[in-house]
Amino acid sequence: MSLLLILGVLYLLPHGEAINVRLVNGHNNCSGRVEVFRNGQWGTVCDDNWDINAAQVLCREVGCGQHSLIVPLHGAYYGEGHGPVILDDVKCTGTESSLLNCKTGETKNQKCDHSEDAGVDCSVKKVPIHKGIRLVNGNNNCSGRVEVYQRGQWGTVCDDHWGKADAEVVCREVGCEGNGSSVAVHGSYYGKGSGVIHMYGGCSGNESSLLSCGAMRRFHCDHSEDVGVDCIGLETIKVRLVNGSNNCSGRVEIFHRGQWGTLCDHSWGSTTAQVACREAGCAGNGSAVAVYGAHFGQGSGPIIMTEFCSGDESSLYECGLHGMGHYGCQHTEDAGVFCSGIDTLKVRLVNGSNNCSGRVEVFHGNQWGTVCGHSWDTNGAQVLCREVGCGEAENLIPLHGAYYGEGSGPVFVQGHCTGDETSLLQCGLRTVRYFGCDHSDDASVDCSGTENIRVKLVNGHNNCSGRVEVFHKGQWGTVCDRNWNSEAARVVCREVGCGDRVSAVAVHNAHFGEGTGTSYVHGHCNGDEPSLLSCGLRDRGYSSCGHTEDAGVDCVGLCKKSNSSVKTPQSCSGRLEVFLSNKWGTVCDDNWDKAAAEVVCRQMGCGVGGSAIAIHSAHFGEGSGPIMLLNHCSGNESLLQSCGIQYMEYQGCYHSEDAAVDCSG
């Protein structure tokens, strides 16, 4: 066996193959891109999990000692290498004698390329602590923009992944270690710097230097994202609530660097609001409610963006603050808060048939207004029903499209509700001018689910097929087929007593005849709702849908293939036909693919070997009768009907496009 000798450290692997290690393209012999020689060629190391422990092992291995400020580097910091990426997911304890003794992942499964080549600087001890880092443009020696000195010049640090632990390390390094009150500041809060931008992050908080946390070269950052720190945090910031009805409600304002400013509501939420209340002396009982859209009027001065808070911080400053001007925020989006929560909000249901149904109205900003139906869902309705004293409504129905008539006053959009909130306002409310909603889509709710609303199927060939009609406010109406699909059909089949039919077929274009009365547009169904009305209904007047588009359903659709009668290789191919509404029809090949063909072959008992072929353009001849449109199949369905079939007298498809299948491949 011959060994290739190259400057570096040479080892033999258990299989007898030679490997050695070198550092390339660094500023001295103890820095550079990490490369290893294996199987006759040099390659690189992926930076996934490349950390201080691996860097220490490597530095010892190449004869550069074990320095306290060894720096692991990521993102091809010393340029991209060539050849294979030989090692990936290196995991060292730091005590190994060789990088090869560390655990590694399977390189054949790794997704690393040379943009992620690992590097190391084993010589950082030559830069004394506190001489290579400084704080600039702060209020005192312990606050300011973070700058680091490398390769003969000062540069700034990108704020991606910058957090409190990183700030703690910097403060300790510049001699400002305090009581854990260091604050990470983002978005060039202390002004834009110049020169090279570095990326550091992932500190645990215990490191002696920022450089020990690891560095990356490849990232997308400019000087508008320069980081800063305030090492004495709480002494430099004040919070007040302005223009509220009491001392514990109002627009949130922050005093920093000599002036008052407001908070942008883009990342504003209930946990951040809780921190603001605590800091303003209104800790309360955890019921703080975030409000949006300059609810308490527009402020003035700089606009500041907070990072997301966990809710346990003692100051907004601990959550991380971004400077103004980088996020497209204006004073029309100033954040506000009600620290006493539900005591400041009134909710009512208007124009319903009982106390637990009606249009949703909230008293907000000293006036009554409505809620936009765009984002109105079951979770929001659950919160509302509980709040108005209608209990835990198991069969509640969220309603859209001004179902109980149009209201007046402002229209609000509620934020995301989990369903567990005690007040609708805790989900967050924004003024509607940013969402294009008007009173034609006022949200409503039926908390009881027992109002005089019924569903029936009309003009079908049996009790489980027909045109879908709903009864509300004393009259029967139809459902528009614009959003009509198999999930909605499944809800109807269950509601009319035809079982939980996974094979329910959505039928379009007034197939069962045109109805009369109001035509409703249903909202999105997932198939599990207790009633079609739980998906949400809007009045036709806002959807321009006519009775030629009345939706129908067939709860018991069947399927067969033609041109074959026995199970031979020849009998497992042919034109696909579907039996629906006492008629055989064909399937349009517009959405016809291998996954759908697999479902058909399995359903027809022609095997599950994965060899099914989807055939187009009436390969087995043109059929007759209606043409169906198939929805998307994943290939795992047990029935073709589970993919969803639309009976449309399908427009734009002809029998020259009849779908077919060959199950034998």
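R348 lies over the face of W368, at 3.8 Å from the ring centre. The charged end of R240 likewise sits over a ring, that of W260, 3.9 Å from its centre. The rule for both: NZ of Lys or CZ of Arg within 6 Å of the ring centre and within 35 degrees of the ring normal. This is a predicted model, in which local features need pLDDT of at least 70 and side-chain atom pairs count only at pLDDT 80 or more, while totals for chains, interfaces and linings use all residues. Residues are numbered from 1 along each chain as its sequence is written, and side-chain values use heavy atoms, with hydrogens and water left out.

**Ring pairs**

Aromatic pairs number four. Rings of Phe, Tyr and Trp (its six-membered ring) pair if their centres lie within 6.5 Å; planes under 30 degrees apart are stacked, over 60 edge-to-face, and the rest tilted.

**Salt bridges**

R240 also takes part in a salt bridge, with E253. Such a bridge needs a side-chain nitrogen of Lys or Arg within 4 Å of a carboxyl oxygen of Asp or Glu. The structure holds 13 of them.

| Pair | N to O distance |
|---|---|
| R240 and E253 | 2.7 Å |
| R145 and E147 | 3.0 Å |
| K91 and D89 | 3.9 Å |

What does the bridge between R240 and E253 tie together? R240 lies in strand β15 (residues 238-243) and E253 in strand β16 (residues 249-256), so the pair joins parts that are 13 residues apart in sequence. Strands (E, at least two residues) and helices (H or I, at least four) are DSSP runs, numbered from the N terminus.

Buried means under 20% relative accessible area, exposed over 50%, and partly exposed in between (1.4 Å probe, protein chains only). R240 is partly exposed at 34%. E253 is buried at 5%. R145 and E147 are both buried. K91 is partly exposed at 48%, and D89 is partly exposed at 23%. Elsewhere, R22, R33 and E35 are linked in a network of salt bridges.

Strand β16 also holds S249. S249 is buried, at 0% relative accessibility. Setting aside neighbours within four places in sequence, S249 is in contact with L241, G244, F296, V337 and F338. Contact here means heavy atoms within 4.5 Å.

**The largest nonpolar core**

In soluble globular proteins, nonpolar side chains tend to be buried together. A nonpolar core is a set of buried Ala, Val, Leu, Ile, Met, Phe, Trp, Tyr and Cys residues joined through side-chain atoms within 4.5 Å. The largest one has 27 residues, of which V468, V479, W484, V492, L532, V553 and C555 touch the most other members. Four elements each supply at least two residues: β25 (397-399), β29 (454-459), β30 (465-472) and α5 (486-495). Which of them gives the most? Helix α5 does, with five residues. Domain 4 (346-446) and domain 5 (454-554) both contribute, so this core lies between them. The domain bounds come from an automatic or database domain assignment.

Beyond neighbours within four places in sequence, V479 touches V468, V470, W484, S519, Y520, H522, L532, E549, D550 and A551. One of these, H522, is in strand β33 (residues 519-522). H522 is buried, at 2% relative accessibility. The C-alpha atoms of H522 and L399 are 9.4 Å apart in space, with the two residues 123 apart in sequence.

**Helix α2**

Is helix α2 enclosed or open? Seven of the 10 residues of α2 (residues 164-173) are buried, so the helix is largely enclosed by the rest of the structure. The buried ones are D166, A167, E168, V169, V170, C171 and E173. Their cover includes β8 (133-137), β9 (143-150), β11 (183-186) and β14 (228-230). After α2 comes G175, whose phi is positive, near 85°.

**Whole chain**

The chain has six helices and 42 strands. Of its 665 residues, 56% count as buried. Among contacts between residues at least 6 apart in sequence, 70% join residues at least 24 apart.
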